[in-house]
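Please look over the sequence and the structure below before reading on. The report after them is meant for someone meeting this structure for the first time.

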Amino acid sequence: MATDAVSRSGSLAASAGAFVGTFALVLAAIAALFAIDTVLARADRAASRAEGRRLFSEGMRLQAEGDMREALDRLRSAVAAERPNPVYQRGLAAALLAAGRPRDAQTLMAERLQRDPTDAEASLIMARALAREGRTRQAIGLYHRAIFGEWGDGERARRVGARFELLDLLAADHDQEQLLAELLPLQSEAPDDPATRKRIAHLFLAAGSPGRAGAMFRDLVRQDHRDADSYAGLGEAELQQGNYRAARRALTAGLALRPRDERIAARLALVDRVLALDPTQRGIGTSVQYGRSLVLLALTLTAVDSCVGAGRAPPHPALLDSAKASLARPLARGASLDGAVDAQIGLAVRVWQSRPHGCPTPEFARPAELLMGRLPTRIAPYILVCEE
Amino acid sequence: MTAAGTVLSRLGRRVENLRRREDQLALVLSLLIGALVGLVVVAFILLTGRIAAQMYPPGGSGWRRVVVPTLGALVTGYLLYRYFPLARGSGIPQTKAALFIQDGRISFRTVLGKFFCCSASLASGIALGREGPAVQIGAGLASVIARRLRMSRDQVKALVPVGCAAALAAAFNTPIAAVLFSLEEIMGDLHAPILGSVVLSSATAWMVLHLVLGDEPLFHVSAYHLVNPLEFVAYAVLGVVGGLGSVAFVKLLLGLRQWFLDQPARTQWIQPVAGGLTVGLMGYFLPEILGVGYAQVERALAGDMLLRTVALLAILKIVATAVCYASGNAGGIFGPSLFIGAMMGASVGSVAHLLFPDSTAGPGAYALVGMGTAFAGIVRTPLTSVFMIFEVTRDYTIIVPLMISNLIAFFISQRLQHQPIYEALARQDGVYLPTDEHRLQRARLRVTTAMRPAADAMLLSGATVADALQRSPLGTVDAWPVVDGSELQGMVERRELEHALAAGRGDQLLTVLLRERPSRQRTDSIALPHVHPDHSLTLALERMGTLGHTVLPVVSRSNIRHLLGVVTLEDVLAAYGVDRDRRVANGD
């Protein structure tokens, strides 16, 4: 009996040994395979990284050579070889954008931003792609993400670069209010070199803030008396503020430094025409003022007529008739010349303001347009009295 | 007995007890199998990929692309013929055959053969997939472990799909689709009771995959969405194209395979060379055709391929895969189905986008849907294909067009190619697997289809024993339900009545006869033999066999005493198409 028990316990032990042995074998196989897989995966990743590097540099070279099709192929393969590499992803997106495929660039960068929302460079590429598609509002949002995102090396300069891109977009979009709002913090962030300050001053002009632009240009001129661009900018700022004589002085100085600059010459010619037309200028006699006010009224009428002639409905026929009658009617004997000047200017302003919306200004009427920008404020009390 | 002997004996008993608790053991094994299979499949993927990169590197010479697959096919062809005959082909029909015919038995030799031959075959550029072989490797490992642990036959069979799910989860990075595929295709039953184990192993394998390879999906897919509701028309067209393409692929593959099978057996070892040479010659001109081709699928998904390229790749891949598989190379059709689908989808998408650029998404979205469509058309697992694409993309928005397209392809494939591919492949090898039709028929054959009205067979409780014997409705049966009004009182057997008559109780009422039975038989509804109308006829047969009756009452599920009818053995046999009278007449 004892032998039976021993034999039974022996067989049980053998069976248990086989059972435990199988488990041990499986566990050992798992451990060994894990080690093998880890080594294989590491080798695979290293090979993929090397392949990715090779393909990326080849892609960038091809892009620089202008072979966009092959470049995109290599860059895409580089991304496939090392998917998590943000440099490759951004490189491919930038290449797609350069190849005129903003939608594909957006898709790629959307994935990148989903993974890392603070990736400033990806936001910037995304913003450019959106801007390219005319989706300005979304692009502005992405520019902001880029400006406040993580840049890594050279953070300040790249952030300022992104802000300048945003400002250029806003300037192109004629969004003066937002442009000004973005410009103000840039004054303190941007490097204090003349080129950057000049760029900011020009942007202030585009933002409809000629006072700030003028101050910056004045500083620049003070620092460098031979900078024709700064003189031209100052002239423009003065022109927009209605300081025609100061504008003339600045533009004349600029043209003297760069006599062949047609742009400065054209602006100077315009200022001269404005000075010759301005009936409110100090130091001219009342009769000259009256004559100029008549020319101004005639110019505004012609501008409105040309607009109506282009198929637009006449705004206020009675007003136009009254203006035409006023031009045709000689000044009554004994009438006050000062009063007549004010009346003609007031009529010119009302005719100008009654132009149909979106009516383009013909070249001959540019001086009148500039004057009209500031005349209403000068003669507002008179107009109010007339309308009452 | 020594102290050590006592300890060993005690330990032995404990282990034996543990071994006997197979259900709990199966859960532990599911985890282990999931981890082991996951790691093996990861090694399989990495090895195949690395060797392939060395064998035919991008930008390599054209002759190399011809020689490498041809030589690869020659070497693996010989190894398969000489040493691993069961490791040929995809692995999925072989796994199903092992599961349904060989009690889940897959040898370790087959596992080894599949691993090494497939690695060599796929690495040399043969245009087949790695998922099918991975499934057989996973199933084989599960089978080997279960048999080494001396588990019961049923448990070995139950662990085979567990290995399949783990393999697919690791090979394709789709744990949910892996579970569904194991149930839908391998088991053929989405309600199989092994769901828990399958889910556990799939999840474990997926975790192992992520641990080793990181959290990268198999394909990087952009977030596509429906641009315009009218796009559904384009997706429906894709369903039609995908369905027809799938049928063309399956018919070509089966036709070619039959041709190769008809050749003399002694040529079997060299037949794979035909596949290697075909794919090599195609690869000479178009390298994208070589290997699994997932890099090209990814490019198609990015919408970055020209229309003529994707159309050409779709056609050439159909031919290349059909020849490679039919000639007996080791590798699956799972991956090529996705490749073919992606290219067909990209082709349809390119045309749609060309015609209606503002109302359709880019070709990439169609390539994505095309993958699922071809899979549904070729493999015929529509649910798996939807979930697989969902898992690959991790995006919900493409699911509705995907479902539409899949169902159209599935329907067309079902109409034009009667047998699903894995079933047809098994039949070519002389193996008859359980078919969908069989399963459907089994599900269709319910008690309600064979039962007859209660009035035809019942006895009234007020009748006497003599009357009952004289009337004996449905003369061939050996028992009758006794009812009082509409309430079933019990079943009375012929011999019971005959005993009562012989004992001189011919005038006794049936209700009295039933009342004289032991109280449990009268009151316990479970003790009352019965079936419900929605029960299967198989269950009715089983109950008849257990009780030794040739008739069973069919009762309501809401009131077990409410008799709805009766079902007799004769009715059941007639429902199965066995005409008893004719057999008797023929003297069978």
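What follows describes chain B as a whole and then some of its helices.

This is a predicted model, in which local features need pLDDT of at least 70 and side-chain atom pairs count only at pLDDT 80 or more, while totals for chains, interfaces and linings use all residues. Residues are numbered from 1 along each chain as its sequence is written, and chains are lettered from A and ligands numbered from 1 in the order in which they are written.

Chain B has 27 helices and six strands, where helices (H or I, at least four residues) and strands (E, at least two) are DSSP runs numbered from the N terminus. Its C-alpha trace spans about 105 × 80 × 50 Å along the principal axes. Of the 588 residues of chain B, 52% count as buried, meaning that 20 or more other C-beta atoms, placed from the backbone, lie within 10 Å of a residue's own. Taking contacts in chain B between residues at least 6 apart in sequence, 78% join residues at least 24 apart; a contact here requires C-beta atoms, placed from the backbone, within 7 Å.

| Helix | Residues |
|---|---|
| H6(B) | 131-148 |
| H7(B) | 153-172 |
| H15(B) | 363-378 |
| H16(B) | 382-393 |

In H6(B), 17 of the 18 residues are buried, so this helix is largely enclosed by the rest of the structure. Its end C-alpha atoms are 26 Å apart, which agrees with the 26 Å that 18 residues should span at 1.5 Å a residue, the expected span being 1.5 Å times one less than the number of residues. H6(B) is followed by Arg150(B), whose phi is positive, near 55 degrees.

Ala171(B) is found in H7(B) and counts as buried because it has 30 C-beta neighbours inside 10 Å. Leaving aside residues up to four places away in sequence, Ala171(B) touches Val41(B), Ile45(B), Arg130(B), Glu131(B) and Ala134(B). From Ala171(B) to Leu218(B) the C-alpha distance is 9.0 Å, although the two are 47 residues apart in sequence.

The axes of H15(B) and H16(B), lines fitted to C-alpha atoms over the stretch in contact, come within 8 Å and cross at roughly 155 degrees. That makes H15(B) roughly antiparallel to H16(B), a term for angles over 145 degrees. Residues making the contact include Leu368(B) and Phe375(B) of H15(B), and Val386(B) and Ile389(B) of H16(B).

Methods
Axes fitted to C-alpha atoms, helices over the stretch in contact; angles between N-to-C directions. Parallel < 35°, antiparallel > 145°, perpendicular 65-115°, else oblique. Contact = placed C-beta atoms within 7 Å. Buried ≥ 20, exposed ≤ 12 C-beta atoms within 10 Å, placed from the backbone.
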